[in-house]
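Here is a friendly walk through a protein model for anyone meeting it for the first time. Have a look at the picture, then read on.

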Amino acid sequence: TLDRIRCNSLDFFDPFAVFISIRILSNPAMVEVTFFTSSIMSSTKMQKSHQWIKQLLDMKNIKYEEVDLALEENADRKAKMFEASGIRLLPQLHVNGKFYGDMEELQLLEDDGQLDAILSGNA
């Protein structure tokens, strides 16, 4: 709001200040993206899925928490993940506590143009 007031009172056009104002005013709600994985991956498919999801999130500049379920300290998170998804397959992506899938499901969402809305909290 401060930038908006400042922009409106400028005697000259400052596109950077206008851009900052728009970004602040249109900031989406906080989105919690959790990537559940394991440092002990038993298959090549699991390793490829892990790498693909990480690359996708990084490419989209999405901030996410990666939770290694092979670690004993994450046992409680493991139980909550399984409760939310109903499956034990890894890796999994959850947004705001809701299960959205593994690599194949995420690829379908991406192909349908739905993944960006989910990751930005607009789904």
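This is a predicted model: local features need pLDDT of at least 70, side-chain atom pairs count only at pLDDT 80 or more; totals for chains, interfaces and linings use all residues.

Is Arg77 buried, partly exposed or exposed? With a relative accessibility of 23%, Arg77 counts as partly exposed.

**Salt bridges**

Arg77 has a charged partner: Glu65 forms a salt bridge with Arg77, and their closest N and O atoms sit 2.9 Å apart. Glu65 belongs to strand S2 and Arg77 to helix H4, so this pair ties together parts that are 12 residues apart in sequence. Glu65 is partly exposed too, with a relative accessible area of 35%.

The structure holds 5 salt bridges in total.

| Pair | Closest N to O distance |
|---|---|
| Lys54 and Glu66 | 2.8 Å |
| Glu65 and Arg77 | 2.9 Å |

Take Lys54 and Glu66, which form a salt bridge. The pair links distant parts of the chain, with Lys54 in helix H3 (residues 44-59) and Glu66 in strand S2 (residues 65-68), 12 residues apart. Lys54 is partly exposed at 22% relative accessibility, and Glu66 is also partly exposed, at 34%.

Lys60 lies in the loop between H3 and S2, while Asp116 is in helix H6 (residues 115-119), so the pair ties together parts 56 residues apart in sequence. Asp116 is partly exposed, with a relative accessible area of 45%. Lys60 and Asp116 also belong to a network with Glu110, joined by salt bridges that share partners.

**The strands**

Now for the strands. Strand S1 (residues 33-37) pairs with S3 in the antiparallel sense, over 4 bridges. Within that pairing, Phe35 stands opposite Leu93 in S3. On to the next neighbour: S3 and strand S4 (residues 98-101) are antiparallel as well, with 3 bridges between them. Here His94 has Phe99 in S4 as its bridge partner. The hairpin of S3 and S4 has 2 residues between the strands, and in it Asn96 takes a positive phi near 50 degrees.

**Helix H4**

Back to the helix that holds Arg77. The buried residues of H4 (residues 75-85) are Met81, Phe82 and Ser85. Seen down the axis of H4, these buried residues fall within an arc of 95 degrees, so they line one face of the helix. The general rule behind this is that an α-helix has 3.6 residues a turn, so residues three or four places apart point the same way. The buried residues of H4 pack against S1, S3 and S4. On the face turned away from that buried side you will find the exposed residues Lys80 and Glu83. Just after H4, Gly86 takes a positive phi of about 80 degrees.

**The nonpolar cores**

Last stop, the inside. The largest nonpolar core has 14 residues, and Val33, Leu57, Leu93, Leu106 and Leu119 touch the most other members. The elements giving two or more residues to this core are S1, H3, S3, helix H5 (103-111) and H6.

Leu57 sits in helix H3 and counts as buried, at 1% relative accessibility. Setting aside neighbours within four places in sequence, Leu57 is in contact with Val33, Ile62, Tyr64, Leu93 and Leu119. Leu57 and Phe35 are 22 residues apart in sequence, with 9.5 Å between their C-alpha atoms.

Leu119 is another member of this core. Beyond its neighbours within four places in sequence, Leu119 is in contact with residues including Val31, Val33, Leu57, Lys60 and Val95. A second, separate core has 7 residues, among them Phe36, Met46, Val67 and Leu90.

Key. Residues are numbered from 1 along each chain as its sequence is written. Side-chain values use heavy atoms; hydrogens and water are left out. Two strands pair if DSSP finds at least two bridges between them. Buried means under 20% relative accessible area, exposed over 50%, partly exposed in between (1.4 Å probe, protein chains only). The arc is that of the directions from the helix axis to the C-beta atoms. Contact means heavy atoms within 4.5 Å. A salt bridge is a side-chain nitrogen of Lys or Arg within 4 Å of a carboxyl oxygen of Asp or Glu. A nonpolar core is a set of buried Ala, Val, Leu, Ile, Met, Phe, Trp, Tyr and Cys residues joined through side-chain atoms within 4.5 Å.
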